[in-house]
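Dear colleague,

I am handing over the structure we spoke about, and below it you will find my notes on how its chains meet. Please read them with the structure open beside you.

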Amino acid sequence: MTAADGAELDVAGQVVELVTRLAGPGAQAEVLVTRSELALTRFANSAIHQNVAESASEIQLRVHLDGRTAAGSAHGAVPDDLRALVERVLAMARFAPPDPAWPGLTPPAPVAASPEWDAATGYAGPDERAALVRAFVDAAGGLETAGYCRTALRATGFANSAGHAAQGYAAEAAMDGIARVGGADGTARRWVDRLADLDGAELGRRAAAKARAAADPVELPPGRYPVVLEPAAVADLLENLAWYGFNGKRYAERQSFAEPGVAQLDRAVTLVDDPLGVSGLPFDLEGTPARALTLVDAGTTTAVVHDRRSAAESGGESTGHARAGSATFGPIPRNLRLVPSGTAGTASTKGAGGTNAAGDATGTRGAAGNTTGARGAGGDAGGPGRVDPLAGAVTDADTAALVSRMERGLLVSDLWYTRVLEPKRLVVTGLTRNGVWLVEDGRVTRAVRDLRFTESYPRALGPGAVLEVGRRSVRLPDRWDGAWWEAPSLRLASWNFTGGASG
Amino acid sequence: MSEFDVAGAAVQAALDAGARYADARVMHRRYESMSARNGDVEELTQDESLGLGVRALVGSSWGFQAVSELSARAARDAGHRAARTAAASGLVPGPAVDLIDSTPTTASWSSACEVDPLGVSLSTKGDLLVAATGTMTEHGADLTEGLYQIWDTAKWFVSSEGHRIDQRIRECGAGISATSIGDGETQRRSWPSYRGQYGTTGWELVDSLDLTAHAARIAEESRALLTAPLCPTGETDLILGGEQLALQIHESVGHAIELDRILGWEAAFAGTSWLDLTQLGSLRYGSELMNITIDPTIPGALGSFGYDDEGSPAVKRDAVRAGRWVGVLAGRDSAAVAGLDYGGSVRSDGWARLPMVRMTNVGLEPGPHTLEEIVAATDEGVLMDVNRSWSIDDKRLNFQFGCEIGWEIRNGRRGRMLRNPTYTGIGPLFWRSMDMLSAEIVSWGTPNCGKGQPGQIGHTGHPAAPARFRNVRVGVRA
């Protein structure tokens with residue numbers, strides 16, 4: 001793949017033609033062709049130990065024929081493969097059980113051009129990723145480090161037998177790493193749509209500062225504590241809300257807490273799914289155009305997301321969230337952002353995304369200075385001429401401001417292995433990870449050992465429960481490319497810790 | 001070109017580009033799944049994936065390249081790119097990499113399969129799911145789901161040391177679940193487990209599950225759970241059914257004994273392990289009843305194969321013997337770092353993913369009891385079964401699991417049904433409290449084990465049987 005040449009759209013059109021030729025004009029077909037360059041450079045024990053790249057193409061075809069539906073996919077794009085795929089899926093459709101809930105094809109509709117995408121990111125080589133890892137490792141000041149740097153490029157073409165066609169391109173990069181000392185870990189991570197915007201050294205410094213600050217933790221008794229959740233921890237809230245709350249299939253099945261029109265969350269909470277705020281594909285697996293969608297507006301739930309099947313079941317319209325498996329798992333908003341305080345609008349633009357990233361980086365760098373200033377607050381612990389390692393617990397000015405207004409509570413960097421205990425109330429259990437600190441009188445006073453929690457996420461974010469939303473967001477990578485979570489730090493009235501490190 | 005020729009061309013290209021070791025896998029996988037909901041088919045998919053993955057070791061650095069094109073030119077290019085990527089890894093080098101010895105092998109292996117699952121007609125398979133979900137709906141469940149999945153994988157492995165191994169592995173399984181929705185909560189029951197039971201076997205496994213025979217019961221149980229009393233809170237004796245114990249083994253033993261985690265290779269994501277290699281052979285992991293093996297040779301179990309994805313033959317080994325930790329899941333490079341002489345547990349999720357240390361079949365050997373005897377011997381406790389949620393820390397110590405259903409145990413009898421049962425603990429303390437273990441072993445299959453970056457989905461097997469644990473904290477809730 002060397003250019004955005006529209007080859008994927010051509011192949012998609014060929015497949016639709018083949019379906020029509022082999023099965024007649026009554027066959028409904030939709031085709032998504034994807035070519036991808038995916039690479040990930042992974043490091044551990046401060047050395048690159050896994051370094052992988054994948055060049056692949058995939059054709060995904062869904063056919064509805066005589067009331068029956070089947071889907072299939074194949075790698076490769078040579079003519080023989082196309083015919084084999086079409087014949088295979090048609091054969092499946094002929095013998096499949098009836099599908100009375102078939103929602104029909106996406107009608108022709110305007111699709112926005114892909115947001116600007118960076119070819120240098122999509123085609124980045126292993127040397128560039130290794131250089132960022134080198135910078136992260138070096139900046140950690142001798143601490144043991146681990147993590148990854150990844151790049152991804154996707155070129156897609158869509159066509160269906162209803163006459164709808166679209167193409168799109170997206171490139172992204174992410175870096176996620178930890179530094180470790182004395183059994184304590186600190187983390188820093190970032191999602192960008194331009195590899196050039198990743199600063200491995202800055203991330204390495206932040207991770208190392210947090211690791212040093214997390215050393216020698218004490219064990220606290222379980223119980224309810226006020227908390228400041230840093231963006232990585234807030235991202236976990238967004239991910240679980242996305243999968244179990246704003247999932248249109250689970251909503252239709254009455255398994256979601258979401259009730260559009262009801263003030264379910266605190267007024268400080270506004271959530272927007274914004275797939276085109278940065279580089280992203282402008283349509284989904286069914287060809288439905290992507291767009292920004294406000295899911296919660298000042299605490300009031302306003303929407304859940306749909307593919308065509310869940311939309312039909314709910315009597316609504318697709319919001320452009322179909323993807324492989326969504327018929328089973330439901331449509332998920334995968335580009336969800338918690339709007340920071342002081343933000344006028346809710347739907348971002350490309351410019352806003354860029355400002356966000358730059359602003360965050362500036363804030364981070366400013367944070368170093370700010371944190372030093374904050375050490376004035378806790379500097380008495382270090383004494384003249386000494387650097388207090390606890391200074392590294394807070395690495396940005398935004399979080400520092402939230403911490404300064406917490407009388408007694410916990411600062412939580414990250415959440416880990418969260419799983420749903422009660423889907424309807426979205427009761428989740430999980431653990432803290434990569435740093436927890438006790439805050440007293442607005443100052444970080446002790447590192448704390450990891451805690452287990454059991455908490456209803458909608459309740460923790462409910463009316464009156466969100467004391468403060470930070471002013472600067474950080475865009476964080478999901479496990480899979482194409483998804484990200486964007487959030488500022490949050491100060492919450494209460495978080496239910498149900499177990500300590502000892503059980 | 002044959003698949004072996006393609007893999008060989010990639011290996012040779014990597015060597016030509018400076019690699020001192022290389023291996024390559026051509027893999028062809030057909031995947032089929034069907035899901036039904038409330039008596040109708042919801043999704044039918046058949047995917048076909050064919051490609052090549054080549055791994056190159058340059059100096060002490062690895063590189064991996066995957067391509068979906070299988071021409072000679074593409075294979076050679078992939079080999080070159082793998083070596084180039086490995087060279088780039090050298091910018092942040094680690095200690096010297098060695099590989100423990102592996103005898104070059106030419107072999108062919110296939111899993112046993114009585115009834116080809118892809119050969120069973122779609123209408124037969126669809127009728128099964130439609131009937132089972134329809135029955136559950138008739139018996140009061142609000143949401144009923146059924147699912148089967150089939151994987152048919154052929155792979156051809158070539159290494160620069162002379163391995164030429166082809167394998168064909170057929171896997172399948174199925175399951176049903178019923179969900180009842182009440183005021184502010186949902187209750188789910190599944191058979192035989194959520195999203196099903198799986199094995200390296202043919203459709204005969206699905207037939208043996210007899211989904212429709214269990215449909216009415218689990219639907220009624222899901223409805224009854226809505227009004228059942230909550231699982232009590234406190235410490236009590238806990239009896240786990242075999243399905244839940246399989247998950248307990250997976251999370252608190254299987255992942256903990258992965259050598260890459262122990263060595264810190266997964267520190268940033270999956271995590272590390274509480275285990276320290278200096279204690280291998282001496283650490284007390286659990287009670288004397290705890291005998292856990294690593295055994296990819298179990299016929300029909302989901303983690304079975306003939307050779308792993310480094311060409312090491314399937315061999316049964318001890319992981320825990322009479323409660324003492326004695327073995328790990330390893331690969332050729334991690335074993336060399338640890339000073340061990342065995343690998344055999346390196347697997348990849350398809351041609352596009354790097355082989356890495358994974359579970360095979362990690363499970364318990366049978367104990368001396370039966371579930372009936374365990375219940376009869378328990379004065380007061382809770383019996384829990386069928387996993388609903390699982391969470392464990394990054395060292396595989398602190399866990400909290402939820403089950404679909406619980407029963408009160410009083411004076412040696414199973415009593416009232418309990419809803420939202422959960423239990424929590426610390427791995428080795430929990431395993432040391434196991435004082436009764438059933439002989440009723442089932443090799444449970446887990447087809448959704450996530451690990452690695454980019455993410456890989458592993459298929460693992462876990463022989464397990466009901467067991468009793470003393471003084472466990474239960475009933476944790478928000």
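How many residues of chain B are in contact with chain A, and with how many residues of chain A? In this model, which is predicted, 68 residues of chain B are in contact with 80 residues of chain A. On the chain B side, the elements that each give two or more residues are strands E2 (40–58), E3 (61–67), E16 (380–392), E17 (398–410) and E19 (422–426), together with helices H2 and H3 (122–138). The element that gives the most is E2(B), with twelve residues, and by class the residues of this side of chain B divide into 27 nonpolar, 29 polar and twelve charged.

Two of these elements can be followed across to their partners in chain A. Strand E2 of chain A (residues 47–65) pairs with E3(B) in the parallel sense over four bridges, and within that pairing Ser55(A) has Val67(B) as its bridge partner.

The other is a helix contact, in which H4 of chain A (residues 126–139) packs against H2 of chain B (residues 72–89) at an angle of about 20°, the axes being 9 Å apart. Because angles under 35 degrees count as roughly parallel, H4(A) and H2(B) are described as roughly parallel to each other, and H4(A) passes H2(B) in a right-handed crossing. The residues that meet there are Pro126(A), Asp127(A) and Ala130(A) from H4(A), and Arg84(B), Thr85(B), Ala88(B) and Ser89(B) from H2(B); by class, this contact has three nonpolar, two polar and two charged residues.

With best wishes

Technical notes: Residues are numbered from 1 along each chain as its sequence is written. Chains are lettered from A and ligands numbered from 1 in the order in which they are written. This is a predicted model: local features need pLDDT of at least 70, side-chain atom pairs count only at pLDDT 80 or more; totals for chains, interfaces and linings use all residues. Axes are lines fitted to C-alpha atoms, for helices over the stretch in contact, and angles run from 0 to 180 degrees between N-to-C directions. Angles under 35 degrees count as roughly parallel, over 145 as roughly antiparallel, 65 to 115 as roughly perpendicular and the rest as oblique. A crossing is left-handed if the near helix is turned anticlockwise from the far one by less than a right angle, and right-handed if clockwise. Two residues are in contact if their C-beta atoms, placed from the backbone, lie within 7 Å. Ala, Val, Leu, Ile, Met, Phe, Trp, Tyr, Cys and Pro count as nonpolar, Asp, Glu, Lys and Arg as charged, and the others, Gly among them, as polar. Two strands pair if DSSP finds at least two bridges between them.
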